[in-house]
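Have the viewer open and follow along.

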Amino acid sequence: MGPARGTSQAVIRIRSVELREIHLPLVHPFETSSGRTVSRRIILVTVRSPEAEGFGECTAGEDPYYSGETTDTAWHLLADFVIPAVLGRTFERARDVAAALRSIRGNEMAKAALETALWDLEARARNLPLSRHLGGTREEIPCGVSIGIQNTVGALLSAVRQEVAAGYQRVKIKIKPGWEIEPLQAIRDEFPDLPLMADANAAFSLDDADLLAGLDRFRLMMIEQPLGHNDMADHALLQKRIQTPICLDEPIHSAEDGRKAIELGSCRIINVKLGRIGGYAEALQLNDYCVRHSIPVWCGGMLESGIGRAHNIAMSSLAGFVLPGDVSASRRYFEEDTVRPPVMVTPRGTIRVPAGPGIGYEPDSSRIQRATVRIREFSA
Ligand code: OSB
Ligand code: MG
């Protein structure tokens, strides 16, 4: 991206950082092949410079079944490594922060929580919507939903009916061995033309290639992460044996990983998650690569509260994000969200990209206060 408009020569002086853990019960439990989430433990990050504040959310889960990172490992990394690496320092641009964190290996979600907060701060300091500051052009983003594994096919169908009636543009269902053909067939029988995806969260192996090839008849937009969570090689072999485009999620931790997955033929579509790739610097690079090579990308979700959700909306305004993301309304997850207004979806299944500064949603401090279980302040 070129230099942002507004104040020239702006710099970011990181004066203080606040870490906060909040507990938010989910409206419905969310089940995947790798586990079940009933309530979220979320780390929120607030960064302060003399000019502005910025807000970020850590997307690590409660347990290490999707990623090795958890809420507690991310707290440790943020408190003991990520924040000390930047506190008191001055950066010319938010885009430079990722390089300052590069010596910390892995732990992308911990790094992204801080990096994304600094992008919000920079956009607010320049009085620009973060979407525009990133170079995003979309005014409205197309939205889809991710529906967890249900107890019965009947329960799944009623969930699909409800989301289709709400206007969502596509449905993704979670699958696992024994929960694939029957639920997909039932959805196709009732919704022959619904844009539909399936996400296995790494639950199959190459031995299941014939079964996975059998899913071609459901005309899925893509199948997400059928094989190992850190695999690219077997996915390339599988892609040769099935028609349905493979989309990778779990193993893509950087823009480079995305390029390699495409070059190896491991996938044809990429799910981008800010937390999984370490923040906006990588997201922008991956977006550019995918635009240049006509690789469709979309924004994945991590059951984020409003602050993380607002970042997902900003990222989804980028040109490469051509497919509906797992970015949906606050009310699908939480009775009361962490931002005001809550994230809302239009009857056409879109979210309007906010026009206010930064992420364009304001943290609801009384809601956040009530959900807080620990706070730690770091001052330069
Ligand atoms: O694999 O995309 C995934 C949630 C938690 C962890 C991993 C995933 C998901 C989802 C939910 O699919 C997406 C959402 O609605 O936030
Ligand atoms: Mg996934």
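Q: Which residues are the protein donors of the magnesium ion (ligand 2)?
A: Keep in mind that this is a predicted model. Donors here are N, O and S atoms within 2.8 Å of the metal, and the protein donors lie 2.0 to 2.3 Å from the magnesium ion. They are Asp 199 (OD), Glu 224 (OE) and Asp 249 (OD).

Q: How are the donor residues of the magnesium ion (ligand 2) spaced in sequence?
A: Glu 224 belongs to strand S10 (residues 222–224), while Asp 249 is in the loop between strand S11 (246–248) and helix H9 (255–264). This pair, 25 residues apart, links distant parts of the chain. Written as a pattern, the donor spacing is D-x24-E-x24-D.

Q: What is the distance from an oxygen atom of ligand 1 to an N or O atom in the side chain of Tyr 333?
A: A polar contact needs a pair of N or O atoms within 3.5 Å. For Asp 199, a side-chain N or O atom is 3.0 Å from an oxygen of ligand 1, and for Lys 174 a polar side-chain atom lies 2.9 Å from a ligand 1 oxygen. For Tyr 333, the value is 2.4 Å.

Q: Taken alone, ligand 1 exposes 390 Å²; what share of that does the protein bury?
A: Ligand 1 sits in the largest cavity, and 15 residues surround it, with Ser 146, Asn 201 and Leu 303 among the closest. The protein's share of the buried area is 95%.

Q: How many residues of the shell around ligand 1 are charged?
A: The shell also holds five nonpolar and three polar residues. The charged ones number seven.

Methods. Residues are numbered from 1 along each chain as its sequence is written. Chains are lettered from A and ligands numbered from 1 in the order in which they are written. This is a predicted model: local features need pLDDT of at least 70, side-chain atom pairs count only at pLDDT 80 or more; totals for chains, interfaces and linings use all residues. Side-chain values use heavy atoms; hydrogens and water are left out. A residue is near a molecule or strand if one of its heavy atoms lies within 4 Å of it. A polar contact is a pair of N or O atoms within 3.5 Å; within protein, one must be able to donate a hydrogen and the other to accept it, and residues adjacent in sequence count only if both atoms are side-chain atoms. Accessible areas come from the Shrake-Rupley method with a 1.4 Å probe; for residues, only the protein chains shown count as cover. On a 1 Å grid over the protein atoms alone, a cavity is a set of points where a 1.4 Å probe fits but cannot get out, and a pocket is an open set with protein on both sides within 12 Å along at least five of seven lines; lining residues have an atom within 4 Å of a point. A molecule sits in a cavity or pocket if more than half of its atoms lie within 2 Å of its grid points. Ala, Val, Leu, Ile, Met, Phe, Trp, Tyr, Cys and Pro count as nonpolar, Asp, Glu, Lys and Arg as charged, and the others, Gly among them, as polar. Donors are N, O and S atoms within 2.8 Å of the metal (3.2 Å for Na, K and Ca); water is not among the atoms, so sites may look incomplete. Helices (H or I, at least four residues) and strands (E, at least two) are DSSP runs, numbered from the N terminus.
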